[in-house]
There are 2 protein chains.
Amino acid sequence: MQIKTLGEFGLIKRLTRQLENDSSVIKGPGDDCAVVKFNRHYYQLLTCDMIVEGVDFKPHDKPSLVGRKALAVSLSDIAACAGIPKYAVVALGLPKHTRVETVDEICRGMFRLAREFKVNIVGGDISRSLRLTIDVSMTGLVEKKYLVLRNGASVGDFIFVSGALGGSISGKHLTFIPRVKEARFLAENFKINSMIDISDGLAQDLGHILEQSCAGAVIYADLIPRVHASVSLEDALYSGEDFELLFTMPRKEAIKLMANKNTPPYRMGGCPASCGVFHAIGHITDKKSGLRLIDRNCRERVIIPRGYKHF
Amino acid sequence: MQIKTLGEFGLIKRLTRQLENDSSVIKGPGDDCAVVKFNRHYYQLLTCDMIVEGVDFKPHDKPSLVGRKALAVSLSDIAACAGIPKYAVVALGLPKHTRVETVDEICRGMFRLAREFKVNIVGGDISRSLRLTIDVSMTGLVEKKYLVLRNGASVGDFIFVSGALGGSISGKHLTFIPRVKEARFLAENFKINSMIDISDGLAQDLGHILEQSCAGAVIYADLIPRVHASVSLEDALYSGEDFELLFTMPRKEAIKLMANKNTPPYRMGGCPASCGVFHAIGHITDKKSGLRLIDRNCRERVIIPRGYKHF
């Protein structure tokens, strides 16, 4: 059987079914981070992300931005669980004729972002490979009371995104800001029921929340914030690599979030469509309604959670 | 500048010079594992190792053994710090037309070893890549009092290896047993001054201990245990992937280790050359004597720490 028959997520499900973990594992594969016991107040988070030349970046992309991205995608995973990033190890697969100056630049971009987010890069491995490959593994900590996973969305929850979507391929995927601060702000001030980072596209990643929460959703085309007016609805729904947070919270909390104008940089208006960096885009329904989109003419259609395909 | 001008270790030194870590990092890059604060009694260990088709294994190697090896090399790093392996995350880079059955087999070999060593595989990432690539990142714990690094070798220390060397390329590199149990036995019962796992060859890896300990060493050709009589001295000294422990301990401890016959499977004779699984091969001298080999005719020569080269 070919991998594409199962798809990335089908394959992951198939493989992880064979795993047997002990009771120290709070959450194994299937969320943005793994969650394991740490101490009385904290869980430890673990995540890894591999980026490959020709797949996740182009051969001519600036090496410093490639290094930056490699770290940023893991930071985004820690953010999605409302965690504090702590330590990273970096495996570099380098083609034989890579220039030292290129590796310098990769590390410069990566180390600068690490300093910015107070992550310690504590180790790594260098191998020869056919295409430039960078795998960053990261640990983080999260207070038990703040941990958010994909599976907690509840009927009536408001659905939010943390910024504008679409067009990431034109450059944002190399320069996006991992939403660590935003996630911490949310966890510390509100009750969040579920959260994920949008790496495979809004529809696909909302699909993950719905599947794991046994829920459905309605989203409003007009409320989905787009990077430019030129970004199509399709692109905002299905293109990957936005790395914005997608989260749900109870109505009461959502109203509090939208009314909160006093916490820069989280200037929020009273309107769901433009509440500062957070944008309400819809709400959670019961599972049998599926995922539905309402367009500006109030027409409703069911949409399929799909997005970027690796295979 | 080409990478091969600097070599793998030169490159690592150059890159890690730019790193600034905080005081929670006990040991950053440059040892088998990174070591960070954990709690009152334990440190946390972190390590990652990337294996790539065509470099670390051949396209026709059994997938289950390839998956096994990917996990085993990280286990060996945890062992080298006398740690207890805990959690792993796995990044898989898969060529587009990889068959699902192949991935099943990779995971079967990996998961079986994980169960054997009580490691929880808690997460991962699947990407498309040109060549099969597996990066395993692992955390472990070690009691503060048991932590062993490369930098503690002291003049007069006896040097030991945990098993026979050479000929790994003919298959052992896919089936070796990570010396986790052996390292724990040593740490719990003896004072070890320095330890490393032999991944790049005895001469190279002893070189790492000597460099970081500011020491020299004398080793005896006749005492180096070899897998087969057919393995040349050159091969035992310079071929990589043995994944045996190389460690040093004070003379008094060494005599205790060599006299200890009562702890199966650590049956040790009184003779340095054949003390069960542990073999004394020489001793630590001062730095200015360098690394010297004494052959069976009592001729002495200086040898250069070199071994497997990635670039």
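Strands β4(B) and β6(B) run antiparallel and are joined by nine bridges; two strands pair if DSSP finds at least two bridges between them. Across this pairing, B:Val89 has B:Ser137 of β6(B) as its bridge partner. Helices (H or I, at least four residues) and strands (E, at least two) are DSSP runs, numbered from the N terminus. This is a predicted model, in which local features need pLDDT of at least 70, side-chain atom pairs count only at pLDDT 80 or more, and totals for chains, interfaces and linings use all residues. Residues are numbered from 1 along each chain as its sequence is written, while chains are lettered from A and ligands numbered from 1 in the order in which they are written.

**The sheet of chain B**

- Six strands of chain B form an open sheet with mixed pairing, in the order β1-β2-β3-β6-β4-β5.
- β1 (25-27) and β5 of chain B are the edge strands, each pairing on one side only.
- Neighbouring strands of this sheet are turned by 20 degrees against each other on average, direction ignored.
- Helix α2 (residues 63-80) of chain B lies across β3, β4 and β6 of chain B. This helix runs at about 145 degrees to β3(B). Axes are lines fitted to C-alpha atoms, for helices over the stretch in contact, and angles run from 0 to 180 degrees between N-to-C directions.

**The sheet of chain A**

- Chain A has an open sheet of six strands in the order β1-β2-β3-β6-β4-β5, and the pairing is mixed.
- From one strand to the next, the twist averages 20 degrees.
- β3 (residues 42-52) and β6 (residues 133-143) of chain A pair in the antiparallel sense over eleven bridges. There, A:Tyr43 stands opposite A:Val142 of β6(A).
- α2(A) lies across β3, β4 (84-94) and β6 of chain A, at about 145 degrees to β3(A).

**Two helices in chain A**

- The axes of α2 (residues 63-80) and α3 (residues 100-116) of chain A come within 7 Å and cross at roughly 45 degrees.
- α2(A) and α3(A) are therefore oblique to each other. Angles under 35 degrees count as roughly parallel, over 145 as roughly antiparallel, 65 to 115 as roughly perpendicular and the rest as oblique.
- Residues in the contact include A:Pro63 and A:Leu71 of α2(A), and A:Ile106 and A:Leu113 of α3(A). Two residues are in contact if their C-beta atoms, placed from the backbone, lie within 7 Å.
- The contact of α2(A) with α3(A) has eleven nonpolar, four polar and three charged residues. Ala, Val, Leu, Ile, Met, Phe, Trp, Tyr, Cys and Pro count as nonpolar, Asp, Glu, Lys and Arg as charged, and the others, Gly among them, as polar.

- β9 (residues 215-220) and β12 (residues 291-294) of chain A pair in the parallel sense over four bridges. A:Ala217 has A:Leu291 of β12(A) as its bridge partner.
- β12(A) also pairs with β13 (residues 300-302) of chain A, in the antiparallel sense over three bridges. A:Arg292 stands opposite A:Val302 of β13(A).
- The hairpin of β12(A) and β13(A) has five residues between the strands. Within this hairpin, A:Cys298 takes a positive phi near 65 degrees.

**Where the chains meet**

- 60 residues of chain B are in contact with 60 residues of chain A.
- On the side of chain B that touches chain A, β5(B) gives the largest share, nine residues.
- That side of chain B has 30 nonpolar, 18 polar and twelve charged residues.
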